[in-house]
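Here is a short report on one protein chain. Look over the sequence and the 3D view before reading on.

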Amino acid sequence: MSYHYIGLLKAVMRLSMTGLKAQDAKDIASSVTAIANEKIKAEKEAIASKKKSGSKKKKLHVDRADVEAVVNAYDGYDDYDFM
């Protein structure tokens with residue numbers, strides 16, 4: 001969003017609220033605050049989910065059967081077979 005867009009919204013809100021009663025202005029302000037709080041909460045959740053998914057370390061999963069097959073494939077006689 002452009003900086004000018006935010007300025008435009010502020011000016012429109014200020015001009016449109018000059019003719020309102022105090023209670024009506026308060027209601028509009030609370031609605032805008034509620035929307036802002038929802039946006040902040042959504043941004044925090046998005047940041048937290050990125051941190052959680054990014055902080056996981058990758059693990060190497062090794063099947064136990066594969067490791068035993070390599071270890072059991074070794075023969076004691078292989079030490080004597082030099083050539």
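## Model and confidence

This is a predicted model, where local features need pLDDT of at least 70, side-chain atom pairs count only at pLDDT 80 or more, and totals for chains, interfaces and linings use all residues. Residues are numbered from 1 along each chain as its sequence is written, and side-chain values use heavy atoms, with hydrogens and water left out.

pLDDT is the predictor's confidence in each residue, from 0 to 100. The chain has a mean pLDDT of 79. In the chain, 63% of residues reach 70 or more. Among the elements, helix 1 has the highest mean, 93. Helix 3 (residues 64-72) has the lowest, 57.

## Fold

The chain has three helices and zero strands. Its pattern along the sequence is α-α-α. Helices (H or I, at least four residues) and strands (E, at least two) are DSSP runs, numbered from the N terminus.

## Helix 1

Helix 1 covers residues 3-16, which makes 14 residues. From first C-alpha to last, helix 1 reaches 20 Å, close to the 20 Å expected at 1.5 Å a residue. The expected span is 1.5 Å times one less than the number of residues.

At the start of helix 1, a side-chain oxygen of Ser2 comes to within 3.2 Å of the backbone nitrogen of His4.

## Surface

Of the 83 residues, 0% count as buried. Buried means under 20% relative accessible area, exposed over 50%, partly exposed in between (1.4 Å probe, protein chains only). Val12 lies in helix 1. Val12 counts as partly exposed because its relative accessibility is 45%.

Notes. A polar contact is a pair of N or O atoms within 3.5 Å; within protein, one must be able to donate a hydrogen and the other to accept it, and residues adjacent in sequence count only if both atoms are side-chain atoms.
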